[in-house]
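Please look through this structure with me.

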Amino acid sequence: MLGQDVVRAARFVNHEVTALDRDALDVTNERAVRRAIARERPAAVVNCAAYTAVDAAEDERDAATRLNAEAAGIVAAAAAEVGSCVVYPSTDYVFDGTGDRPYVESDEPSPRTVYGQTKLAGEAECAASNPRHFLVRTSWLFGTGGRNFVETMLDIGARDGSVLVVRDQVGCPTWTGHLAAGIVRLLDTDGYGLHHMSAQGQCSWYDFAVAIFEAAGVECSVLSTTTAEFDRPAPRPAYSVLGTQWQDAIHLPDWEVGLRGYLEDRA
Ligand SMILES: NC(=O)c1ccc[n+]([C@@H]2O[C@H](COP(=O)([O-])OP(=O)(O)OC[C@H]3O[C@@H](n4cnc5c(N)ncnc54)[C@H](OP(=O)(O)O)[C@@H]3O)[C@@H](O)[C@H]2O)c1
């Protein structure tokens, strides 16, 4: 999802972009990564490859570690070799979700899932391998490049006319179109380090579902449930709103603006 929108956002501001999908470059293959980056000698590398199956990761720690942590170091080091900066997108799942005010960059991470642990390890690998790194934590992504919560809701709405959604998890749904533009703007700065970058505002998954049906003009009754009743292999953070301490932070638009942007984009 994010990779496709980063390509679009970078081309939109006239950057020359080489986009490599998994078939073109396996980021866990160190030789191939070094060869590709040495060939292109880019000014910046945005590493959007990741193991993102949060529940499956609980049983696949090695695969998640290889992709989210080790490959993050491989890509960052190869970028450093040609003097290129690197972006490593990370996640709100590095926090345990027990907070009650937006998490900022100096807050201590404490991931409760394998996915969150491997992403936190990836942040460290990336930072250790390339001094010119941007670690960009974001949350609840939706975009036209892949399956996402908005599509799941619209599918269920069309099929069943009613949907059950958790009300006690609160976060920032973020459209990859907005995040990608934010990342591309970040590349024009020398603000290396850790950044929290999510949409403005906050809501529960329940609120998000209601907004999706309203914005899409779809009749669907949204019923609420709790995390305790909706058991999943990987525990979700109850509260994972991200805030930032950067004085000159790049602020993304509100999540509802992102939702409308997404619905226009998919139309
Ligand atoms: N989705 C979210 O809600 C969310 C929230 C916070 C942070 N993030 C972070 O944001 C970033 C982008 O997430 P996303 O949702 O856009 O991810 P995504 O849609 O799952 O995309 C991940 C991509 O990585 C590719 N990939 C897998 N293994 C690879 C390999 N060995 N070499 C090269 N590419 C490989 C996948 O290819 P295939 O499709 O062919 O497997 C896929 O295109 C990730 O770092 C993620 O951790 C995501």
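1. Start with phenylalanine 142. Its relative accessibility is 0%, so phenylalanine 142 counts as buried. Buried means under 20% relative accessible area, exposed over 50%, and partly exposed in between (1.4 Å probe, protein chains only). This is a predicted model: local features need pLDDT of at least 70, side-chain atom pairs count only at pLDDT 80 or more, and totals for chains, interfaces and linings use all residues. Residues are numbered from 1 along each chain as its sequence is written, and side-chain values use heavy atoms, with hydrogens and water left out.

2. Now the aromatic pairs. The whole structure holds eleven of them. Rings of Phe, Tyr and Trp (its six-membered ring) pair if their centres lie within 6.5 Å; planes under 30 degrees apart are stacked, over 60 edge-to-face, and the rest tilted. Phenylalanine 95 and tyrosine 103 have ring centres 4.2 Å apart and planes at 10 degrees, so this pair is stacked. Both phenylalanine 95 and tyrosine 103 are buried.

3. How do the rings of phenylalanine 142 and tyrosine 262 pair? Their centres are 5.6 Å apart and their planes are at 85 degrees, so the pair is edge-to-face. Phenylalanine 142 lies in strand S4 (residues 141-142) and tyrosine 262 in helix H9 (residues 255-266), so the pair ties together parts 120 residues apart in sequence. Helices (H or I, at least four residues) and strands (E, at least two) are DSSP runs, numbered from the N terminus. Tyrosine 262 has 1% relative accessibility, so tyrosine 262 is buried.

4. Both rings of that pair belong to one aromatic cluster, formed by Trp140, Phe142, Phe149, Trp205, Phe208, Trp255 and Tyr262.

5. A charge also meets a ring. Arginine 167 lies over the face of tyrosine 206, at 3.9 Å from the ring centre. (The rule: NZ of Lys or CZ of Arg within 6 Å of the ring centre and within 35 degrees of the ring normal.)

6. Next, the largest nonpolar core. A nonpolar core is a set of buried Ala, Val, Leu, Ile, Met, Phe, Trp, Tyr and Cys residues joined through side-chain atoms within 4.5 Å. The largest has 26 residues, and Phe149, Val150 and Phe208 are among those with the most contacts inside it. Helix H6 (149-160), strand S5 (162-166), helix H8 (205-216) and H9 each give two or more residues to this core. H8 gives the largest share, seven residues.

7. On a 1 Å grid over the protein atoms alone, a cavity is a set of points where a 1.4 Å probe fits but cannot get out; a pocket is an open set with protein on both sides within 12 Å along at least five of seven lines; lining residues have an atom within 4 Å of a point. Two cavities of 30 Å³ or more are found. The largest cavity holds about 40 Å³ of space. Its lining includes His195, His196 and Trp246.

8. The second largest cavity holds about 30 Å³. Phe95 is one of its lining residues, as are Asp96 and Arg112.

9. Finally, the second largest pocket has a volume of about 250 Å³. Of its 13 lining residues, the closest to its centre are Arg8, Ala9, Phe12, Gly177 and Ala181. Helix H1 (2-12) and helix H7 (176-186) each give two or more residues to the lining. H7 gives the most, with five residues. (Grid points are joined across faces, edges and corners, and a volume is the space filled by probe spheres set on the points.)
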